[in-house]
Amino acid sequence: MKIYFCGSMTGSREKQENYEQIIGYLKSFGTILNEFVADKVVKDYEPSVVFKRDYSNMNSADICIADISIPSTGVGFELGIMYSLNVKTLVLYDENMKLPSSLPRGADKFVVKSYKTIEEEKEIIKNFIENL
């Protein structure tokens with residue numbers, strides 16, 4: 001299974017350690033198309049290179065796991081693409097943080113869940129994948 005993970009990279013790295021744990025966990029279910037989301041240091045690539053790489057990865061994804069706890073234009077853009085591609089998508093957000101935008105939380109094609117702990121987040125992911 002090819003998994004695309006969405007998380008804030010340039011807006012804030014506040015959830016970077018969480019992303020690292022989740023991407024590590026997701027590896028037990030398949031191939032992560034964009035592990036670099038969890039990198040401690042975000043590399044600065046030419047925007048057109050980022051778009052081509054990410055768009056190609058999104059087009060080959062079987063599923064998408066997105067954490068929208070931190071507002072991110074990039075994650076919103078990725079979710080719009082996943083929605084139009086009909087990729088099965090799990091949207092997650094941390095209840096301990098500010099409530100994220102209503103738009104992705106209201107998308108009828110997405111499964112949307114909140115979590116309080118990393119363990120709860122992993123359990124939600126496991127259930128989502130097992131019920132595909």
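Author: The helices α2 and α3 pack at an angle of about 35°, with their axes 10 Å apart; the axes are lines fitted to C-alpha atoms, for helices over the stretch in contact, and angles run from 0 to 180 degrees between N-to-C directions. α2 passes α3 in a right-handed crossing, where right-handed means that the near helix is turned clockwise from the far one by less than a right angle, and left-handed that it is turned anticlockwise. On the α2 side the contact (heavy atoms within 4.5 Å) is made by F51, D54, Y55, M58 and N59, and on the α3 side by F77, E78, I81, M82 and L85. By class, this contact has seven nonpolar, one polar and two charged residues, with Ala, Val, Leu, Ile, Met, Phe, Trp, Tyr, Cys and Pro counted as nonpolar, Asp, Glu, Lys and Arg as charged, and the others, Gly among them, as polar.

The model is predicted, so local features need pLDDT of at least 70 and side-chain atom pairs count only at pLDDT 80 or more, while totals for chains, interfaces and linings use all residues. Residues are numbered from 1 along each chain as its sequence is written, and side-chain values use heavy atoms, with hydrogens and water left out. Helices (H or I, at least four residues) and strands (E, at least two) are DSSP runs, numbered from the N terminus.

Both helices also take part in the lining of the largest pocket, to which β1 (2-6), α2 (47-60) and α3 (73-85) each give two or more residues. A pocket here is an open set of points on a 1 Å grid over the protein atoms alone, where a 1.4 Å probe fits, with protein on both sides within 12 Å along at least five of seven lines, and lining residues have an atom within 4 Å of a point. The largest pocket has a volume of about 590 Å³, a volume being the space filled by probe spheres set on the points, which are joined across faces, edges and corners. It is lined by 29 residues, of which M9, T10, V50, R53 and D54 lie nearest its centre, and the lining divides into 16 nonpolar, seven polar and six charged residues.

The second largest pocket has a volume of about 250 Å³ and is lined by 15 residues, with I68, G76, L79, S101 and P104 nearest its centre. α3 gives the most to this lining, with five residues, and the lining has eleven nonpolar, four polar and no charged residues.
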